[in-house]
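Thank you all for coming; I would like to walk you through one structure this morning, going sheet by sheet and then helix by helix. Please have the sequence and the model open while I talk.

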Amino acid sequence: MKLWITRPMTPAVEARAIQEFNAEIRETTTPLTHDEMTRALSEFDMVVPTLGDQFGEQVFKDVPAPQCKLLANFGVGYNHIDVSAAQAVGIEVTNTPGAVTDATADIAMTLLLSTARRAGEGERLVRSGNWQGWHPTQMLGHHVTGKRVGIVGMGRIGQAIARRCHFGFGMQVAYLARSAKQLDFAADFMPDILTLASALDFLVVAVPGGADTRHLINAQVLEAMKTSAILVNIARGEVVDEAALISGLQAGQIAGAGLDVYEFEPVVPNSLQDMENVTLLPHLGTATEEVRTSMGHMALDNVAAFVQGRALPNPV
């Protein structure tokens, strides 16, 4: 069986892929083109795609009888794959849940703290050579300890963020989810997103991407937030209506935003780049050697199970 990995991986993952599966590894770091996706489906039995590789309905229509029978996605999010269309032509889809939880939660806290305490702005000031020294009212930011945080989405990542907020910073946690959760810490389940948004100091978005959550954070939600509140998004870019966010920030509807993902990634609007009250990261959510290696091995575990005819560990 032939395996294609669509992006370079960590050395440990590449070594295993070559040794166990004689994998072909694409050297380019950019997303697959349409022609490359049709090649993936036509010439390989298994493919390890990742974020940006847009396996939408059309590509499956273009290859209605694919040689490929498994898309072992590298990543927990799989909104770039039309799972129903893949399954309709006999392709199974897996992902890598669990491995990404703590690293992504850490980035959420990085963004929350950096935006609240104006860390990015402060670093730029120091690097510019224009810092004139400490004084009592220099760059006053937002206190974090004891404040109220709202988590949109209370899955693995949402709960990991909430625990950091509760146990690490004594924050009052509220959350929105399909149903109330059994948690090992105090947290208020909120009935709807507008009620949640209006009652907090920080709103952290941690839901999956896809049609159901597209523009979940919209102009109405931003208007409901306090003018002193900060938005953090570590989910998927399209969950936040980026145009509405820019308008809200420009109008002072909210105090700031911390973003690791963008609606039209990798394009980041100049208007966001120009705002000092916005922290911008280049999709670093899972970017540690340990986590990316763990994700790669999890994807290959799905490949191994497929090759051996066993049940897939992580089907979606």
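Predicted model: local features only at pLDDT ≥ 70, side-chain atom pairs only at ≥ 80, totals over all residues.

Let me begin with the open sheet of 7 strands, whose order is β8-β7-β6-β9-β10-β11-β12 and whose pairing is parallel; two strands pair here if DSSP finds at least two bridges between them, and the numbering runs from the N terminus over DSSP runs, helices being H or I of at least four residues and strands E of at least two. At the edges of this sheet are β8 (188–189) and β12 (278–280), each of which pairs on one side only. Residues are numbered from 1 along each chain as its sequence is written, and side-chain values use heavy atoms, with hydrogens and water left out.

Within that sheet, strand β10 (residues 230–233) pairs with strand β11 (residues 256–259) in the parallel sense over 4 bridges, and Val232 stands opposite Gly258 in β11. Helix α7 (residues 156–169) packs on the sheet, where it touches β6 (148–152), β7 (172–176) and β9 (202–205), and its direction makes about 175° with that of β6; contact means heavy atoms within 4.5 Å, and axes are lines fitted to C-alpha atoms, for helices over the stretch in contact, with angles running from 0 to 180 degrees between N-to-C directions. Helix α10 (residues 242–250) also packs on the sheet, touching β10, β11 and β12, with its direction at about 145° to that of β11.

Which helix packs against α7 at an angle of about 50°? That is helix α5 (residues 101–116), and the axes of the two are 8 Å apart. The helices α5 and α7 are therefore oblique to each other, given that angles under 35 degrees count as roughly parallel, over 145 as roughly antiparallel, 65 to 115 as roughly perpendicular and the rest as oblique. Among the residues that meet here are Ala105, Met109 and Leu113 in α5 and Ile157, Ile161 and Phe169 in α7. By class, this contact of α5 with α7 has 9 nonpolar, 2 polar and 4 charged residues, where Ala, Val, Leu, Ile, Met, Phe, Trp, Tyr, Cys and Pro count as nonpolar, Asp, Glu, Lys and Arg as charged, and the others, Gly among them, as polar.

Turning to the other sheet, 5 strands form an open sheet in the order β2-β1-β3-β4-β5, with parallel pairing. Its edges are β2 (24–25) and β5 (92–94), each with a single partner strand, so one side of each is left without a neighbour in the sheet. Strand β4 (residues 70–72) and β5 run parallel and are joined by 3 bridges, and Leu71 stands opposite Val93 in β5. Helix α12 (residues 289–308) lies across β1 (3–5), β3 (46–48), β4 and β5, running at about 155° to β4.

Helix α1 (residues 11–21) comes in here too: its axis and that of α12 come within 8 Å and cross at roughly 15°, and α1 and α12 are therefore roughly parallel to each other. The residues in contact include Val13, Ala17 and Phe21 in α1, and Leu300, Val303 and Val307 in α12. By class, the contact of α1 with α12 has 9 nonpolar, 3 polar and 4 charged residues.

I will finish with two backbone details. A cis peptide bond, with omega of about 10°, joins Glu265 and Pro266, and Pro266 is found in the loop between β11 and α11 (270–273). Arg118, although it is not a glycine, has a positive phi of about 60°, and Arg118 lies in the loop between α5 and α6 (119–128).
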